[in-house]
Amino acid sequence: MTDHLTQTIRLAGTWTSATDTCKLSYGGRFLRRKVIQTLDGQSMLVDLPKTTSLNHGDAFETTEGQLVEVIAAEEELLEITGENLVQLAWHIGNRHTPCQIETDHLLIQNDPVIGHMLEHLGAKVMQVLRPFTPEGGAYGHGRTHSHEHGHTAHDHDHAH
């Protein structure tokens, strides 16, 4: 039996005063119907009308009106550094691999094949444990593997 039901997402910056939080990985933040656990030990049935990509800082609104903040969980990633980050980012994007772009490094999911290719291009590749919040993709939400052309609540992200 779940403690709460949510069918509503509130975007980051449009809400205040969450009563609870949940930590979800990058994969876990792409969902439609799923029971998730909050940090306070509550279970919540997420039942959305369509599969949705959530960002760090978004919130679930329960049917009782409570807000549960979504936090990006730490996960195993590869940190990429090197002389030409722009070229390395191009090679990552060319393979439709989600990528978090920082000023002095890139972060991708732990994919040894991509990591090995980047090392051959002169990159330094190091395994790290960090939250993963990749750039939004051409479809507005960084989920380029879905190739969904429909509009979502996250379409405001496409201008990055």
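Hi everyone, let's start with the sheet: six strands form an open sheet with mixed pairing, in the order β2-β6-β5-β1-β4-β3. Strands here are DSSP runs of E with at least two residues, helices are runs of H or I with at least four, and both are numbered from the N terminus. Two strands count as paired if DSSP finds at least two bridges between them.

The edges are β2 (20–24) and β3 (30–37), and each has a single partner strand, so one side of each has no neighbour in the sheet. On average, neighbouring strands of this sheet are turned by 30 degrees against each other, direction ignored; the axes are lines fitted to C-alpha atoms, with angles running from 0 to 180 degrees between N-to-C directions.

Before I go on, this is a predicted model, where local features need pLDDT of at least 70, side-chain atom pairs count only at pLDDT 80 or more, and totals for chains, interfaces and linings use all residues. Residues are numbered from 1 along each chain as its sequence is written, and side-chain values use heavy atoms, leaving out hydrogens and water.

Inside the sheet, β1 (residues 4–10) runs parallel to its partner β4 (residues 43–53), with three bridges. T6 has V46 as its bridge partner in β4.

Now, which residues of helix α1 are buried? In α1 (residues 85–94) they are L85, L88, H91 and I92, where buried means under 20% relative accessible area and exposed over 50%, with partly exposed in between (1.4 Å probe, protein chains only). The buried residues of α1 pack against β7 (74–81), β8 (99–101), β9 (106–109) and α2 (112–120), with contact meaning heavy atoms within 4.5 Å. V86 and W90 are exposed on the other side of α1.
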